[in-house]
Amino acid sequence: MNLAAIKEQLCAEYPYRIELHAHTKPASPCGDLAPETVVETFAAAGYHGIAITNHFFTGIFERYYQASDKKSALEQYLSDYHRALEAGEKIGIKVYLGAELRWEHLSDNDYLLLGVDEAMLSDVFDYMKGDAATFVRDCKSEKSFFLQAHPYRDGLTRLNPELLDGMEAFNLHPGHNSRIALASQFADAHHLIKTIGTDFHHEGHHNLCATRMKILPDDSFALAAELKKNDFIAEISGSLLLP
């Protein structure tokens, strides 16, 4: 069997293309595009699902949102997700709730949380002035998938792998050197599930990647469950990467 036939067979076996790391404006101050535009961009590129993983940390809520309480902070954060969800329902693409967590008083490390709902995010909020270890021990649900994002960018450190379900081995943000070879090696050495993310922020971000799955998860929890099975393949610009 030639390579083209193998690729065709794999794409047929893993037909659903999902983005695991995308930001929208105004929830993420570093994002340029409205939730509707982001969803439309991925739908037009042939994706079946997208996780909205906007930044979720105290500084965002206090300095950027200027939120005086948890209720206001969560309402502002979730507004982008609700808009994305509505847009996705109109054009036929799944939208999953996620978050990119940071304990900024300790470091600039970022962590993606999938397998979460709005009620759980309210609980997560209460742990953002603590640390990642306490969050994992006392707050993280068994139904969630918790991974470190782009762990080898400048100035970042690796969390104790025993606290992680996975690691973003491949991050395609064009403005950063994520040192994906080192991230992949670390994940392999510590038996972490390796994920891939476009880390979408800006118009013109053309090097999109996808996680190809056998099924299209119904919600964020189902997405987390599929990731934990570690039965998916990665796609970058039409090329497939096997685990």
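Predicted model: local features only at pLDDT ≥ 70, side-chain atom pairs only at ≥ 80, totals over all residues.
Residues are numbered from 1 along each chain as its sequence is written, and side-chain values use heavy atoms, with hydrogens and water left out. Local features need pLDDT of at least 70, side-chain atom pairs count only at pLDDT 80 or more, and totals for chains, interfaces and linings use all residues.

F42 lies in helix 2 (residues 35-44), and F200 in the loop between strand 8 (193-197) and strand 9 (209-213), so the contact ties together parts that are 158 residues apart in sequence. Helices (H or I, at least four residues) and strands (E, at least two) are DSSP runs, numbered from the N terminus. F42 is buried at 0% relative accessibility. F200 is buried too, with a relative accessible area of 2%. Here buried means under 20% relative accessible area, exposed over 50%, and partly exposed in between (1.4 Å probe, protein chains only).

F56 and Y77 form another edge-to-face pair, at 5.0 Å centre to centre and 90° between the planes. F56 belongs to strand 3 (residues 55-56) and Y77 to helix 4 (residues 70-91), so this pair links parts that are 21 residues apart in sequence. F56 is buried at 0% relative accessibility, and Y77 is buried at 2%. Both residues belong to one aromatic cluster, formed by F56, F61, Y64, Y65, Y77 and F125.

Charges also sit over rings (NZ of Lys or CZ of Arg within 6 Å of the ring centre and within 35 degrees of the ring normal). The charged end of R17 lies over the ring of Y47, 4.4 Å from its centre. That of K143 lies over the ring of F221, 4.5 Å from its centre.

Salt bridges (a side-chain nitrogen of Lys or Arg within 4 Å of a carboxyl oxygen of Asp or Glu) number 18 in the whole structure. D110 and R102 meet in one, at 2.8 Å from N to O. Both D110 and R102 are buried. R212 and E235 form another, at 2.6 Å. R212 is in strand 9 and E235 in strand 10 (residues 233-236), so the bridge ties together parts that are 23 residues apart in sequence. Both R212 and E235 are buried. E226 and K229 pair at 2.8 Å. They are three residues apart in helix 8 (residues 220-229), about one helical turn. E226 is buried at 10%, whereas K229 is exposed at 55% relative accessibility. Salt bridges that share partners also join E13, K214 and D231 into one network.

Helix 2 has the buried residues P35, V38, V39 and F42. Seen down the helix axis, these fall within an arc of 95° (taken from the directions from the axis to the C-beta atoms), so they line one face of helix 2. Their cover includes strand 1 (16-22), strand 2 (49-52), helix 4 and strand 4 (94-101), with contact meaning heavy atoms within 4.5 Å. Helix 2 is followed by G46, whose phi is positive, near 90°.

How values were computed: Phe/Tyr/Trp six-rings, centres within 6.5 Å; stacked < 30°, edge-to-face > 60°.
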